Amino acid sequence: MINILDLSQEELKNWLQDNNEKAFRAEQVFNWIYKGQWDFKEMKNVNTSAIDKLTANFYIGIPKVLEKLYSKDGTIKLLIALSDGNVIETVIMKYKHGNSICVSTQVGCRMGCRFCASTLGGRIRDLTAGEILSQILLAEVIISGKISNVVLMGSGEPLDNFSNVIKFIELVNSPKGLNIGQRHITLSTCGLVPKIYELADKKLQITLAISLHASTDEKRKEMMPIANRYSINEILQACKYYTDKTNRRITFEYALVKGSNDTKEDAYKLCDLLKGTLSHVNLIPINEVTEREYQRSEDRAILEFYNILMSKGIETTIRREMGSDINAACGQLRRSYIDATR
Ligand code: SAH
């Protein structure tokens, strides 16, 4: 059986034609699915023979909700089970300008960042494009509303699952699909340099976010094993290439860890690194993870860091901590689920 969500409308059209059905049924079927009708038999305007063929060959891969947590700030965190029983998390964030979703791209992660909970059990498997998409379809039904922004910042390293992630972006962006503009999609990576070049060559208009987290290779290596493969310099060169190809401003994420990367000196070094680049810095007060020893920076240090960057003309924001009352830090909910069921 094939997950129909892994198909583009074009692909379903072709399949229907190959199976002696009308191509326009593809649009009807996807319209139902996008509206939250996940049973082929209930798709009233579709003819019976097409329904029978679809039922025999496809399933609609909407994950099962295991847990739904509501934060005081409106953030909703979902723990969901995929068709093979693997468990992932998805976070829905409500902003004045619309609803955002943070989707997972892999079950677990193999990048090994030392502050992150998603990577504790390694990578189990990649998600398919349809499985990434299904998180949005589920979210829209849960909030009875539209998702307008997508961030690929849940569990997993998106560029380590390149082709599925690209297909997902195409599906989400398609006018016949969810029709979410590329500029409303942000892909966050720990910095897989060759894949950044490959992404740039696709010339998409998505926002690329780099998890930098340190301003020297030495410090970065302490936090992120990937820093042993690629230097900050190589990442910045790849970012320059990305900007040249796409004209898009890069976001640098910097998770502030008490006494580790949050000093004034770190801030000044970061300014030197980013001087003259088309960029934006997003400071993330680190979410403390039970299994990890990293501690959140003091508010005073965060503000000082912010002020230094701003004084050097680097556009900076401090990420609002949403859902901190509901285990919203990367991979934490899944971890507690795995621990509880072990
Ligand atoms: N693998 C990708 C995307 C997933 S992580 C990446 O590395 O960018 C999304 C963001 O959350 C990254 O910037 C990541 O470094 C950060 N992150 C992970 N664990 C965190 C924690 N405990 N506190 C704060 N940020 C965290």
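The legends below describe close-up views of a predicted model. Residues are numbered from 1 along each chain as its sequence is written, and side-chain values use heavy atoms, with hydrogens and water left out. In this predicted model, local features need pLDDT of at least 70 and side-chain atom pairs count only at pLDDT 80 or more, while totals for chains, interfaces and linings use all residues.

**View 1. Glutamate 131 in helix α4.**
Glutamate 131 belongs to helix α4, which covers residues 129-143. Helices (H or I, at least four residues) and strands (E, at least two) are DSSP runs, numbered from the N terminus. The relative accessible area of glutamate 131 is 7%, so the residue is buried. Buried means under 20% relative accessible area, exposed over 50%, and partly exposed in between, with a 1.4 Å probe and protein chains only. The side chain of glutamate 131 makes a polar contact of 2.9 Å with the side chain of arginine 125. A polar contact is a pair of N or O atoms within 3.5 Å; within protein, one must be able to donate a hydrogen and the other to accept it, and residues adjacent in sequence count only if both atoms are side-chain atoms. Leaving aside residues up to four places away in sequence, glutamate 131 touches Asn3, Asp6, Leu82, Arg125 and Asp126. Contact here means heavy atoms within 4.5 Å.

**View 2. Serine 134 in helix α4.**
Serine 134 also sits in helix α4. Serine 134 is buried because its relative accessible area is 0%. A polar atom of the serine 134 side chain lies 2.8 Å from the backbone oxygen of glutamate 131. Not counting residues up to four places away in sequence, serine 134 touches Leu5, Gly61, Ile62 and Pro63.

An N or O atom in the side chain of serine 188 is 2.6 Å from an oxygen atom of the ligand. For serine 211 the corresponding distance is 2.5 Å, and for glutamate 253 it is 3.1 Å. The ligand taken alone exposes 530 Å², of which the protein buries 96%. Accessible areas come from the Shrake-Rupley method with a 1.4 Å probe; for residues, only the protein chains shown count as cover.

Cysteine 190 is buried, because its relative accessibility is 4%. Its closest cysteine sulfur, in cysteine 113, is 5.4 Å from its own sulfur, which is too far for a bond. A search of the whole structure finds zero disulfides, a disulfide being a pair of cysteine sulfur atoms within 2.5 Å. Cysteine 102 has a relative accessibility of 12% and so counts as buried.

Serine 144 is found in the loop between α4 and β9 (149-152). Serine 144 is not a glycine, yet has a positive phi of about 45°. Most residues other than glycine have a negative phi. With 69% relative accessibility, serine 144 counts as exposed. Lysine 203, in the loop between α6 (193-201) and β11 (207-211), has a positive phi near 50°. Lysine 203 is exposed, with a relative accessible area of 51%.
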